[in-house]
Each structure stands twice: as C-alpha cells, then as structure tokens.
Amino acid sequence: MPRKSSLILIFAFSFLSFLTACAQNASKNVDSEGHQWWQHAVFYEIYPRSFADSNNDGVGDLKGITSKLDYLKDLGVDAIWISPCFPSPQVDFGYDVSDYENIDPMYGSLTDFDMLASEAKKHGIRIILDFVVNHSSDQHKWFVDSKSSRTAEHRDWYIWRDGKGPGQPPNNWTSTFGGSAWKFDPTTNQYYYHFFYAEQPDLNWRNPAVKDAMFDVTRWWYKRGVSGFRLDAVDTLFEDPNLHDNPIRPGTNAFGDAFEENKYDTKLPEVHEALRGLRKVADENNAVLIGETWTADIAELNLYYGHGNNELQMPMDFLFTTVNKLSPADFRKQIAAVDSASGWPTFVISNHDIARSYDRYGDGQHNDQIAKLMAGLYLTLRGTPIMYYGEEIGMKTTPPTRKEDVKDPIGRTGWPKEKGRDGERTPMQWDESENAGFSTGAPWLAVPPTAKTHNVADEAKDPESVLAFYKKILKLRHTNKALLEGTYAPLNENDQNVLSYLRAYKDQIVLVALNMSGAEQKVSFDLSRKGFASARSLVATGQSAANGNVVTLEPYGVFVGQLLK
Ligand code: NOJ
C-alpha cells in the first residue's frame, strides 16, 4: 500500500498536471476537441465604404460599424473582417494604403477604431483587418522616398529595373488591372513594378527590411486588439528576380492585353517563407491569418496551409465560388476535395470582388429560396464560413448601366466587357427609407431599387425572409456539436437534384438535404444501416420535412435534421 504522503504527492502532481493542461489550452484558446476560436467562428466581411454612414457624408465609417454591432451579434456573427480602412488616396478604394498604422479620416480616427474594438469585444465580436501585403500606395512615405533617387534609403523597398531599351519595359508582364505592369519614372530613369494599378507599387519582399516592417505592422495592430488579418493578394508577393517573360496565350482580355500565363509573377515558392514569418507573429498573439489565395486545386491550397500547418490557418477556398450553378455533383466534388485538404476548410460564396451569390446562383424567379439554399449549404459544412455583408438579406449585384456612373477604375478601363466591381459593393440595405437607411447624404454608389424589397427592417419582421433563415441556421450552427465539430460524409452521391450529407459528432448526427432543383423531391436515405429510423427537423424551409427515412423537399428546399434511433 502506498503511504499517505505518497498518495498526497501523487494527487498533488496529477492536480498540477491538470492545471497545466488547462492553462495550455486556455492560452491556445482551444476547446476540448482541440479546435481554436476561429474554427467555430462565423466571419462577416464588411466593406466599410458601404456598410453604415454615421456622419452622412455618403461614405460608410467606423462609427457606423460600431452602431451595427447589436445587429451583427443578433445575426450570429463572431468576427468582422473590415476591408481596408487605412489612410489611402482611394485609387483602389483602400487597397492602396499610404499609412499602415492609422485610419483614413474618411472612416474616422484611431480613437474611433479603439471604440469599435472595445464595443466589439463587449459583443463578443473579434476584429480582423485587411492587410495589403503585396503593395502600398504610391503616396506611402516609403515609396515617395524610394522614387526620389537611386540611392534613397527606401529605394530597394520596391522593385525598380532598367527598361529593355528606350520606351521598352523590362519584360512582358501585364498588370491584372490592364496595361504593362511597369511604369517608367523619369526622375531616376527606371521602371517600377505594379501587379495592380500603377498607384499600387509592389513592395520588395526580398528585402529583409520590408519583411520586418510589415511584421511590425501586424504587431502594432495586435496590440490594439485585432484578432487577425485577411492578407490581400498573397499569390503575388514575389516575382521572378530574373524577370523571365510570361508565356502568352491566344486572345486578349477585357483591357485588350494578350492573355498571359502568370508563370513568373505569381505563386512563387518564396511566398511561403514570408507567410511562415507572419504566422509566427500571429501565433504569439492567438491570431488568425486568412488568405486571399486563388488556388487552382487542393494541392495548391495545401501549400498555403504549410507543412504542419505553419502558414495560413484559413486560406480562402475560392474553388467553391467557381461552382457557379446549382449542381450537386460539382459541389459534392468540391466539398470532398476541400474536406480532404490538410487544413481547416474556409468557405466563401461572395465578396467585394465577386458578383453576389444571390444572382450568381439565382434563376431570377426563386432567388430568395436559392439564397436560403446556399446558406443551408455553406453554413452547415465542416469549416469556417466567411459571409459578405448583405448576403443575409438577399442583396443582389447591381452593376452600373452607364460608363459615366462607374466608380471602380477597372470598370472604366474595361468598359463594357469589364464593368468593374461596383455592382457587389452597393450600400447596405437597412430599411425602406431613401438611401436605405445607409446615409442621409448622397451615397458614394447608388442604392439599388431592390432596397425596397430586401432590407433588414422588413426582413426582421418576416419569419419567411432570407434574413430570418440566416439567423435560424446560424443559431443552430453555434449550438449544435455535430455542425461545429462533426465529420462530413456525403450521402446519395448519384442524386442529380439533391445534395445531402451527414455531419457526425460522436453519437450525434445531423442530416442536411438540399434540393438544388426547381421541382419537389422525395429522397430516401438508407439510415437503418447506421441504426437510425428518422430525423427530427432542426431547420427547414417551407414544407420540407422527414417521414421515416424519406425526406420531402420543396423546390430549392432545405432540410436539416437530427437523426433519431
Ligand atoms: C484583392 C482585393 O480583394 C481587391 O479588391 C484589390 O483590388 C486587389 N487585391 C488589389 O489590392
């Protein structure tokens, strides 16, 4: 028999180990399943120009966002990603940053930011900022110095090269926004490189001073209470130092440039080292890194998670947005692929660069049902969803109809083939009043006529609205272990109309059935083999319901149910 003193020692040791484990978990913020806060959070992208305008100058601002935190909390949002709100000449509406450590006066001040951060914290909402890592504005003091002389302190912070000859840029690379990616600067007789607009010169990430300065920017914001960053345009961080020409394909794009294969100016392996560095700083701050990663397949997506998940926790899976039709087969394929990826999936169906999901998937007649269907899909999958403001009320893409109304510069240079991105950036539709409650001043982009039929105030009163459905499904998602933690298993994989799957956590299993067709569907599931007899509805649209192992789905109907023995 162990002596009493040894028993005390054993007990004390076990208790200490228990405390240490708890402390480790708490410091990592992981739950009992090892999941971190961002794996259970619902993210929501806010385009600050268009969300809520507190000073009625026609442009949204930080105080406007603060005033809507109750709404966001009630909707079921845990983290907001704010598109760039830093000082900027606004050539690319904030994606041309002239000071990484401040707020553009158009959006408010650092005091307003601190107020937003502290109010958001009270609401249990985290803040994610948009970090434009690839380039700065040409008005940033680094670039102003860089262009001043060949020997300037910041010369090597950007990419300067001699032309091939008089009037000839260093190589054939084109800007993704049209024209050559090189701009000649007569002061120093060299060209600088810009993957986007000429006003957005690319930073030289091969220069360790640039890297350090950019890492410090993240530290600066972490100290101010930020929980992570969405990293802009990570694919383009590095380019071939030998400036090989890109291969050319037949045809021209909307800007009249020859199609180029971005072989030497995107996705260079060096990007991963930079991401590992940013991740190290993020880990020291319990923060998340979301990546704007335009991957061609899951193998490329896996590269962004990094070996042992030491790069981006949430590279965005845009492959999902390439399934532009209601095709169960295509979604099945895509979900299976991302589910087998080496990191946690991140789902996006709309953002400020992509036409809104409401009309990308909508058929023009059943768009509200289809909006609910899409919510039923991406909010019940294993992974973290990133919503886009207005998606929850069924906002529609409203592109300009006249060139003179276009605000996005790529819409002006590419008109009419490329109308720009104004259509997906229109003001949030809060109510039926003039300017949809966004502002009493003239909004920077016109409020779409659909504000009369799709707005927060009206939809909040209607239990059948798109908003009401989003709230229901988000509430379920936050409380249901199978949806939060469960594995994904596809069902009835040959069904051409209905996409269905199970989410299973221990003995708790949720069935999701989504009718992607315009006709009623009756689907039988072989549940008895798994020991279940039926499903109890948790969230469903209209008359969609289960009876035994048969689920009846109305056109574009959604059924989410708990399996019962
Ligand atoms: C991606 C952003 O999402 C887009 O809006 C912007 O124009 C480019 N990066 C350049 O920063």
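A salt bridge is counted where a side-chain nitrogen of Lys or Arg lies within 4 Å of a carboxyl oxygen of Asp or Glu. The model on screen is predicted, with local features needing pLDDT of at least 70, side-chain atom pairs counted only at pLDDT 80 or more, and totals for chains, interfaces and linings using all residues. Residues are numbered from 1 along each chain as its sequence is written, and side-chain values use heavy atoms, with hydrogens and water left out.

**Stop 1: salt bridges**

Select Arg421 and Asp353. Their side chains form a salt bridge, 3.1 Å from N to O. Arg421 sits in the loop between helix H13 (409–414) and helix H14 (456–461), and Asp353 in the loop between strand S12 (346–348) and helix H11 (357–361), so the bridge ties parts that are 68 residues apart in sequence. Helices (H or I, at least four residues) and strands (E, at least two) are DSSP runs, numbered from the N terminus. Arg421 is buried, at 9% relative accessibility, whereas Asp353 is partly exposed, at 24%. Buried stands for under 20% relative accessible area, exposed for over 50%, and partly exposed for values in between, with a 1.4 Å probe and protein chains only.

Together with Asp353 and Arg421 they belong to one network, joined by salt bridges that share partners. The structure holds 26 salt bridges.

Next, select Lys267 and Glu300, whose salt bridge spans 2.9 Å, N to O. The two are 33 residues apart, with Lys267 in the loop between S9 and helix H8 (271–284) and Glu300 in helix H9 (residues 298–305). Lys267 is partly exposed at 31% relative accessibility, and Glu300 is partly exposed at 23%.

Glu485 is buried at 10%, while Lys481 is partly exposed at 31%.

**Stop 2: pockets**

Select Thr176, Phe177, Phe195, Phe196 and Trp294. Of the 39 residues lining the largest pocket, these lie nearest its centre. The space in this pocket is about 1100 Å³. A pocket is an open set of points on a 1 Å grid over the protein atoms alone, where a 1.4 Å probe fits and protein lies on both sides within 12 Å along at least five of seven lines; lining residues have an atom within 4 Å of a point. Its volume is the space filled by probe spheres set on the points, which are joined across faces, edges and corners.

Strand S9 (residues 258–260) gives the largest share of this lining, three residues. By class, the lining has 13 nonpolar, 13 polar and 13 charged residues. Here Ala, Val, Leu, Ile, Met, Phe, Trp, Tyr, Cys and Pro count as nonpolar, Asp, Glu, Lys and Arg as charged, and the others, Gly among them, as polar.

Move to the second largest pocket, of about 330 Å³. Its lining has 17 residues, with Lys121, Gly124, Ile125, Arg126 and Ser227 closest to the centre. Helix H5 (110–122) is among the elements that supply at least two lining residues, as are helix H2 (37–40) and strand S3 (126–131). H5 gives the most, four residues. This lining divides into seven nonpolar, six polar and four charged residues.

**Stop 3: nonpolar cores**

Select Phe43, Tyr44 and Leu377, the residues that touch the most other members of the 140-residue largest nonpolar core. A nonpolar core is a set of buried Ala, Val, Leu, Ile, Met, Phe, Trp, Tyr and Cys residues joined through side-chain atoms within 4.5 Å. Beyond four places in sequence, Phe43 has contacts (heavy atoms within 4.5 Å) that include Trp37, Trp38, Ile128 and Met314. A second, separate core has 16 residues, including Leu491, Ala513, Phe525 and Ala535.

**Stop 4: strand S21**

Select Leu564, in strand S21 (residues 558–564). Leu564 is partly exposed, at 36%. Leaving out neighbours within four places in sequence, Leu564 contacts Phe532, Ala533, Ser534, Ala535 and Arg536.

**Stop 5: backbone details**

Select Trp415 and Pro416, joined by a cis peptide bond with omega of about 0°. Pro416 is in the loop between H13 and H14. Then select Phe93, a residue other than glycine with a positive phi, near 45°. Phe93 lies in the loop between strand S2 (79–82) and H5, and is buried at 8%. End at Asn309, also not a glycine, with a positive phi of about 55°. Asn309 is in the loop between H9 and strand S11 (314–315) and is partly exposed at 33%.
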